[in-house]
Amino acid sequence: MTTAIYPGTFDPITLGHVNIIERGLKIFDRIIVAVASHSGKDPVFTIEERLELIRGAFKNDQRVTAESFDGLLVDFARRKGVKIILRGLRTVADFEYELQMSLANKKMYPEMETLFMMTEGAYSYFSSSLIKEIARLGGCLRGMVPENVEEALKKKFAGGV
Ligand code: COA
């Protein structure tokens with residue numbers, strides 16, 4: 001049974017992330033979506049809300065689980081006994097940061113490999129921040145986020161923030 005960890009902030013999960021997870025499941029038997037509780041960002045959704053949204057988006061697929069982690073990703077991976085990290089690359093702009101992060105992770109946990117997948121065209125311009133801005137300004141989110149996330153965003157920004 002091969003398992004990969006797909007880490008991120010997921011504030012919130014978007015269809016871009018879903019696309020990487022679904023394609024990742026063609027390679028791995030299980031994917032643990034690992035939500036970083038401290039990623040240097042100031043999230044709109046709490047850690048519990050972010051986990052709930054991921055679980056809701058994959059409620060019919062038991063191969064996908066969601067967990068939060070504190071501290072280093074390599075320590076979480078070691079605790080889970082997982083040696084593969086799955087990451088999506090959107091554009092060339094992601095490359096340098098991803099290279100830096102994968103090399104640093106490799107230095108700390110040499111047995112661990114990071115596997116990169118190109119984000120599919122339509123999703124390559126997405127980011128959770130962009131989606132939150134569209135939601136905040138009352139724009140249409142169809143085709144950008146799973147239905148449960150669209151509902152949660154509408155609720156979060158109801159009345160404008
Ligand atoms: N489709 C659409 N959007 C995507 C995407 C995809 N396939 N992949 C990423 N994005 C978006 C994310 O939503 C995010 O948007 P935002 O910046 O508006 O929030 C943006 O691209 C960046 O995503 P990502 O590169 O995954 O960053 P992240 O903050 O979500 O995750 C961690 C970074 C959590 C994986 C990293 O900081 C980490 O591992 N932290 C733990 C501490 C640690 O070990 N640090 C040392 C690392 S060497």
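Tutor: A term is needed before anything else: helices, at least four residues long, and strands, at least two, are DSSP runs that are numbered from the N terminus. Please also keep in mind that this is a predicted model.

Student: Fine. Which elements each supply at least two residues of the lining of the largest pocket?

Tutor: The elements that do so are the strands β1 and β4 together with the helices α1, α4 and α5. Among these, α4 gives the most to the lining of the largest pocket, with 5 residues.

Student: How much space lies in the largest pocket, and how many residues line it?

Tutor: The largest pocket holds about 980 Å³ of space, and its lining is made up of 36 residues, of which Gly 8, Thr 9, Lys 41, Arg 87 and Tyr 97 lie nearest the centre. Sorted by class, that lining has 14 nonpolar, 14 polar and 8 charged residues.

Student: And where is the ligand?

Tutor: The space that the ligand takes is the largest pocket itself. Two or more residues of the shell around the ligand come from each of β1 (3-8), α1 (15-24), α4 and α5 (128-136), and α4 gives the most to this shell, with 5 residues.

Student: Which residues come nearest to the ligand?

Tutor: There are 27 residues around the ligand, and of these Thr 9, Lys 41, Arg 87, Ser 128 and Ser 129 come nearest. By class, the residues of the shell divide into 12 nonpolar, 11 polar and 4 charged.

Student: What about distances from ligand oxygen atoms to side chains?

Tutor: For Ser 128, an N or O atom of the side chain is 2.6 Å from an oxygen atom of the ligand. The side chain of Arg 87 has an N or O atom at 2.7 Å from a ligand oxygen, and for the side chain of Arg 90 the corresponding distance is 2.9 Å.

Student: How much of the ligand does the protein bury?

Tutor: Taken alone, the ligand exposes 940 Å², and the protein buries 85% of that area.

Student: Changing topic, what lines the second largest pocket?

Tutor: The lining of the second largest pocket consists of Leu 15, Val 18, Glu 22, Gly 56, Ala 57, Phe 58, Lys 59, Asn 60, Asp 61, Pro 146, Glu 147 and Asn 148. Two or more of the lining residues come from each of α1, α2 (47-57) and α6 (147-156), with α1 giving the most, 3 residues.

Student: And the volume and the classes there?

Tutor: About 180 Å³ of space lies in the second largest pocket, and its lining has 5 nonpolar, 3 polar and 4 charged residues.

Student: How many cavities of 30 Å³ or more does the structure hold?

Tutor: The structure holds 1 cavity of 30 Å³ or more, and the volume of the largest cavity is about 30 Å³. In general, rolling a probe the size of a water molecule over the atoms shows where empty space is left.

Student: Which residues line the largest cavity?

Tutor: The lining of the largest cavity is formed by Leu 73, Ile 85, Arg 87, Glu 98, Met 101, Ser 102, Asn 105 and Thr 114. The elements that give two or more residues to it are β4 (84-89) and α4 (95-108), and α4 gives the most, with 4 residues. By class, this lining has 3 nonpolar, 3 polar and 2 charged residues.

Tutor: Phe 10 has a positive phi of about 50° although it is not a glycine, while the peptide bond that joins Asp 11 and Pro 12 is cis, with omega at about 0°.

Methods:
Residues are numbered from 1 along each chain as its sequence is written. This is a predicted model: local features need pLDDT of at least 70, side-chain atom pairs count only at pLDDT 80 or more; totals for chains, interfaces and linings use all residues. Side-chain values use heavy atoms; hydrogens and water are left out. On a 1 Å grid over the protein atoms alone, a cavity is a set of points where a 1.4 Å probe fits but cannot get out, and a pocket is an open set with protein on both sides within 12 Å along at least five of seven lines; lining residues have an atom within 4 Å of a point. Grid points are joined across faces, edges and corners, and a volume is the space filled by probe spheres set on the points. Ala, Val, Leu, Ile, Met, Phe, Trp, Tyr, Cys and Pro count as nonpolar, Asp, Glu, Lys and Arg as charged, and the others, Gly among them, as polar. A residue is near a molecule or strand if one of its heavy atoms lies within 4 Å of it. A polar contact is a pair of N or O atoms within 3.5 Å; within protein, one must be able to donate a hydrogen and the other to accept it, and residues adjacent in sequence count only if both atoms are side-chain atoms. Accessible areas come from the Shrake-Rupley method with a 1.4 Å probe; for residues, only the protein chains shown count as cover. A molecule sits in a cavity or pocket if more than half of its atoms lie within 2 Å of its grid points.
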